Amino acid sequence: MIIMPTYMTVGILLLDGPEKEVTTEVRTAVYDALLYSMRHDNRAYFNGRLEDIVSFIFRGMKDDSRDVRRSSG
């Protein structure tokens, strides 16, 4: 089962909201979950999804919070 497209959709939606709801803890948890998703479903790299995943990761690496940057890197 390929889960990365679903994860990307949900992850982006979880990060899209007001700052009061999308806290550092939420952003960190989203990027931690990305790590597990990538370990489980590495076929996504070969299905033309690499650009979407890299863009999502770079979004986290530009975050002001060190914890989020560490989780996304």
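The model is a predicted one. The chain holds four helices and zero strands, and its elements run α-α-α-α from the N terminus on. Of its 73 residues, 33% count as buried.

**Chain as a whole**
- The accessible surface of the chain comes to about 5200 Å², and carbon and sulfur atoms account for 55% of this surface.
- Taking the contacts between residues at least 6 apart in sequence, 64% join residues at least 24 apart.

**Helix H1**
- Helix H1 spans residues 4-15, which makes 12 residues.
- From its first C-alpha to its last, H1 reaches 16 Å, close to the 16 Å expected at 1.5 Å a residue.
- The buried residues in H1 are Met4, Tyr7, Met8, Gly11 and Leu15.
- Seen down the axis of H1, these buried residues fall within an arc of 100°, so they line one face of the helix.
- Thr6 and Leu13 are exposed, on the other side of H1.
- Helix H2 (24-40) and helix H3 are among what covers the buried residues of H1.

- Leu50, Val54, Phe58 and Met61 make a nonpolar surface patch of about 340 Å².
- One of these residues, Met61, lies in helix H3, which covers residues 50-61.
- Met61 has a relative accessible area of 39% and is therefore partly exposed, since that term applies between the 20% limit for buried and the 50% limit for exposed.

Notes. Residues numbered from 1 in each chain as written. Predicted model: local features only at pLDDT ≥ 70, side-chain atom pairs only at ≥ 80, totals over all residues. Heavy atoms only, no water. Patch = residues over 30% accessible without salt bridge, like charges linked within 9 Å, V, L, I, M, F, W, Y side chains within 5 Å. Areas by Shrake-Rupley, 256 points an atom, 1.4 Å probe, with all protein chains shown as cover. Salt bridge = Lys/Arg side-chain N within 4 Å of Asp/Glu carboxyl O. Helix = DSSP H or I, 4+ residues; strand = E, 2+ residues; numbered from the N terminus. Buried < 20%, exposed > 50% of the residue type's maximum accessible area, 1.4 Å probe, protein only. Expected span 1.5 Å × (residues − 1). Arc of directions from axis to C-beta. Contact = heavy atoms within 4.5 Å.
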